[in-house]
Amino acid sequence: MLQVKNLTFSYDKSPVLQNLSFEVAQGDHFAIIGESGSGKSTLLKLLYGTYDLDEGQLFWKDQEILGPKHNLIIGPEYMKYVAQEFDLMPFTTAAENVGEFLSNFYPEKKKERTQELLKVVELEEVANTKVKLLSGGQKQRVAIARAIAKKPEILLLDEPFSHIDNFKKQSLRRSLFAYLKEKNITCIVATHDKEDVISFSDDMIVIHDAQIMAQGSPEALYKDPKNKLVASFFNEFNMIDGELVYAHQLKVVPKSKLKVIVQKSYYKGSYYLIEGLLNDSKVFFEHKSAFEKGTAIYIEKE
Ligand SMILES: Nc1ncnc2c1ncn2[C@@H]1O[C@H](COP(=O)(O)OP(=O)(O)OP(=O)(O)O)[C@@H](O)[C@H]1O
């Protein structure tokens, strides 16, 4: 179990994070979300022991995670951290980068393990390409494979798929998170992308104003987002009569008390997102087809 107890941290005067407490069970996948600059990366760095806390304590099992005042080497050996800027060896191949920390004592085993890791991050085809020739997304995947090579107990991922194209992202997410679950590796991910969280995290926190604004499973927070910031992470939403309603929860009906004048229809593939005016306020809802600008329609909550 990872325990964060009353963590407070500031780079200079005002705290970036104030009095945060939470726990992550071993093997769980935990997500940290929040607006840009809210302190997600800072929190990951603190979990890794990069800085000393102003106040509070961090524990993995019974062991305290301590900062540079107490350690010559940053980062406990049971933990790996994949930062937004990855630290690779550019003049060696993807396979050599991944295998760098594996023992040379059993060359066959090392080869097998490197192959397995390259498969998890779907990079088998560039195994023998020098890292400097790889794309940003391929480098990001090499960095992830390198981090899991020696099966850490905890893996910290900062925006892990930010450089990876949409074609690859979906299958890579499934492959990586399934592998981590299978190996019981605790994973903490800081992200802007709901797709990294919604199907994969057991628990999540939302950081706002240096504090935890919400915590729960993605499903619990999605169904009952409590406030606009949490809802906006998941989907387009509206405030109707003081109630928070996602765009997909509104449907078009023959008559209701919610009359909307359509402004624009955005093609979204399997549906259209319709932007309309409801009593002069913007409203968004989903519909299977587009509407002409100016059409008057009625909507209601499902
Ligand atoms: N090394 C540093 N020295 C001083 N201030 C810093 C440092 N690193 C980050 N900050 C500040 O701390 C705050 C939190 O930054 P952090 O990078 O943790 O946010 P974030 O939520 O990860 O942002 P993003 O989503 O944009 O990556 C920001 O106001 C940032 O300017």
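Biologist: In this predicted model, which residues lie on each side of E3, and are they buried or exposed?

Modeller: Both faces of strand E3 are covered in the predicted model. On one side stand His29, Ala31 and Ile33, and on the other stand Phe30, Ile32 and Gly34. A residue counts as buried if 20 or more other C-beta atoms lie within 10 Å of its own, and the residues on both sides of E3 are all buried.

Biologist: Why is E3 largely enclosed by the rest of the structure?

Modeller: The reason lies in the burial of its residues, since E3 is largely enclosed because the buried ones number six of the six.

Biologist: What is the order of the strands in the open sheet that holds E3?

Modeller: The sheet is open, has six strands and shows mixed pairing. Its edge strands, each pairing on one side only, are E6 (79-82) and E10 (211-216), and the twist from one strand to the next averages 15 degrees. Read across, the order is E6-E7-E8-E3-E9-E10.

Biologist: How many bridges join E3 to E8, and which residue of E9 is the bridge partner of Ile32?

Modeller: Strand E3 (residues 29-34) runs parallel to strand E8 (residues 186-190), and the bridges that join them number four; among the partners in E8, Cys187 is that of His29. With strand E9 (residues 203-208), E3 pairs in the parallel sense over five bridges. In E9, the partner of Ile32 is Ile205.

Key:
Residues numbered from 1 in each chain as written. Predicted model: local features only at pLDDT ≥ 70, side-chain atom pairs only at ≥ 80, totals over all residues. Pairing = 2+ DSSP bridges. Helix = DSSP H or I, 4+ residues; strand = E, 2+ residues; numbered from the N terminus. Axes fitted to C-alpha atoms, helices over the stretch in contact; angles between N-to-C directions. Buried ≥ 20, exposed ≤ 12 C-beta atoms within 10 Å, placed from the backbone.
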